[in-house]
Amino acid sequence: MSIYNSAVNKPISTLMVFVAIMVLGIASYIQLPVDQYPKMDPPYITVMATYPGANASDIEENVTKILEDQLNSVDNLKEMTSTSYDNLAVISLEFEWEVNLDEASNDVRDAVDKSMQNLPDDIDRPTIMRFNTSMMPILIYAVTANESYPGIDKILDDKLITRLNRVDGVASVIVAGAPERVVYVDLNPNQLEAYNLTLEQIANKILAENSSGNVKMGDMDYTLRVEGEFEESDQIKNIVLGTQNDKTIYMHDVASVRDTIKDITLEQTINRGRGGVLLITKQTDANAVAVAKEAKKQLEIAQKELPSDIKFQIISDNSDFIVKSINNLQSSLMYALIFVVLVVFLFLGRWRATFIIALTIPISLIVAFIYLFATGESLNVISLSSLSIAIGMVVDDAIVVLENVTKHIDRGSRPREAAKYGTNEVWLSVIVTTLVTVAVFFPLTLVSGMTGILFKQLGWIVCITVCTSTVTA
């Protein structure tokens with residue numbers, strides 16, 4: 001074929017092409033993010049609508065049903081589920097795997113906009129959220145404290161979370177389960193009756209003062225929907241409720257005001273100590289290993305500025321698992337390369353021929369790194385497994401071509417002429433072998449669903465590396 005003749009007639013140009021491929025491949029490999037699996041966008045969209053002060057029944061009737069009626073018209077919607085809480089409606093939408101989530105998000109946004117005219121006037125605008133694998137935390141820490149426990153949320157926010165948010169590649173830092181500051185107004189029923197006051201009057205007075213909080217009467221906890229908040233909790237005690245017999249009635253006459261931490265229905269303990277959980281997630285295209293490494297470094301620096309009783313213990317480090325998995329696959333890839341070279345040398349018996357065949361392996365495999373970089377993918381378990389599968393296939397063409405070229409040299413032909421004749425005699429067999437391999441793995445690129453996302457990368461990498469080996473042979 002002309003491509004092989006041109007390669008033999010122009011060795012310098014051919015060498016430059018291969019050098020360029022090697023340089024591009026190495027540059028792509030260095031810049032590839034490292035992750036556990038390929039980037040996936042599961043076809044799930046969540047709509048969250050906040051309606052402060054409304055109970056679950058009101059949310060169901062005035063928010064959830066209205067949104068559901070509009071969202072039912074969205075195209076490619078597979079299933080819709082909803083849950084109504086106090087103050088909050090959550091609607092989960094599942095689409096077909098083949099759907100374009102960007103278009104689906106726009107359709108959902110349009111449906112939400114149409115429903116706004118039927119929703120209560122003072123409702124917050126619904127939030128539309130898309131789920132992807134990058135939202136899973138790469139680092140989870142248990143945080144415990146003794147004396148600092150009541151204010152641990154504020155301490156971590158000032159000293160740690162701000163620092164972690166500045167790390168390149170960090171998407172969010174969340175502290176879950178830590179105590180939250182809250183102001184409770186506990187009403188005394190007997191005092192209310194003595195002063196001839198009602199719960200509604202108390203609520204209206206607090207609302208008129210532009211405040212927010214919880215009003216409790218016995219075992220009942222009443223939620224108020226308000227606009228603002230006091231600067232200090234002590235100001236609530238001095239709210240004037242009215243007068244009786246020329247005597248001014250203050251809030252502290254009928255209620256006790258507690259500035260404390262929020263009551264919790266589920267208390268979590270870590271190593272028998274009270275605390276919370278620190279969750280760190282990365283951005284979609286960020287390098288999970290690099291982000292986790294820098295986040296851990298910043299946490300160690302911040303810990304020196306935190307109170308001594310605040311302790312951190314790692315619960316889950318996804319980057320550690322990724323590093324171990326990648327290292328194991330890289331080791332397997334290296335062993336496969338060594339054994340392939342040894343087997344080739346054992347049967348050919350020539351170091352020079354073995355070296356030429358061994359040279360085709362990295363050139364063929366390195367093209368896969370260019371493909372991963374160009375498509376915005378990561379170096380992950382699937383991509384490295386694909387290279388392990390392909391490594392035994394890329395030497396087939398080189399062995400066939402080299403054996404035929406060697407036969408011509410043994411018959412007295414010059415190396416240049418032997419390379420031309422030997423390659424031209426077997427090029428059809430080489431291409432057919434490649435096409436058979438492509439015919440086996442290419443259908444994997446057409447598989448749909450979550451399985452398709454995983455195997456699509458495997459199919460493309462094997463096809464690309466095998467086709468490259470046909471040219472390099």
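**Close-up views of a predicted model**

**View 1. Ser-383 and what it touches.** If you skip neighbours within four places in sequence, Ser-383 is in contact with Leu-372, Ser-378, Gln-457 and Ile-461 (contact means heavy atoms within 4.5 Å). Ser-383 sits in helix H13; helices here are DSSP runs of H or I with at least four residues, strands are E runs of at least two, and both are numbered from the N terminus. Is Ser-383 buried or exposed? Its relative accessibility is 1%, so Ser-383 counts as buried (buried is under 20% relative accessible area, exposed is over 50% and partly exposed is in between, with a 1.4 Å probe and protein chains only). Everything shown comes from a predicted model, where local features need pLDDT of at least 70 and side-chain atom pairs count only at pLDDT 80 or more, while totals for chains, interfaces and linings use all residues. Residues are numbered from 1 along each chain as its sequence is written, and side-chain values use heavy atoms, leaving out hydrogens and water.

**View 2. Helix H12 meets helix H13.** The axes of H12 (residues 351-374) and H13 (residues 381-390) come within 10 Å and cross at roughly 155° (axes are lines fitted to C-alpha atoms, for helices over the stretch in contact, and angles run from 0 to 180 degrees between N-to-C directions). The two helices are therefore roughly antiparallel (the label for angles over 145 degrees; under 35 is roughly parallel, 65 to 115 roughly perpendicular and the rest oblique). On the H12 side, the contact is made by Leu-365, Ala-368, Phe-369 and Leu-372, and on the H13 side by Ser-383, Leu-387 and Ala-390. Sorted by type, that makes 6 nonpolar residues, 1 polar and no charged (Ala, Val, Leu, Ile, Met, Phe, Trp, Tyr, Cys and Pro count as nonpolar, Asp, Glu, Lys and Arg as charged, and the others, Gly among them, as polar).

**View 3. Ser-28 up against Phe-369.** Ser-28 lies in helix H2 (residues 11-31). With a relative accessible area of 5%, Ser-28 is buried. Which residues does Ser-28 touch, not counting those up to four places away in sequence? They are Phe-369, Ile-370 and Phe-373.

**View 4. The bend in helix H3.** Helix H3 (residues 56-71) bends by about 35° at Thr-64 (the bend is the angle between axes fitted to the seven residues ending there and the seven starting there). Thr-64 is also one of the buried residues of H3, along with Ile-59, Val-63, Ile-66, Leu-67, Glu-68 and Leu-71. What do these buried residues pack against? Their partners are strand S1 (44-50), strand S2 (77-85), strand S3 (88-95) and helix H4 (101-115).

**View 5. Val-400 in helix H14.** Val-400 belongs to helix H14 (residues 394-410). Its relative accessible area is 39%, so Val-400 is partly exposed. Leaving out residues up to four places away in sequence, Val-400 touches Val-426 and Val-430. Thr-423 is 23 residues from Val-400 along the chain, and their C-alpha atoms are separated by 9.0 Å.

**View 6. Lys-293 on helix H10.** Lys-293 is found in helix H10 (residues 288-303). Here the relative accessible area is 65%, so Lys-293 is exposed. Asp-320 is 27 residues away in sequence, and its C-alpha is 9.6 Å from that of Lys-293.

**View 7. Zooming out.** The whole protein has 16 helices and 15 strands. Of its 473 residues, 41% count as buried.
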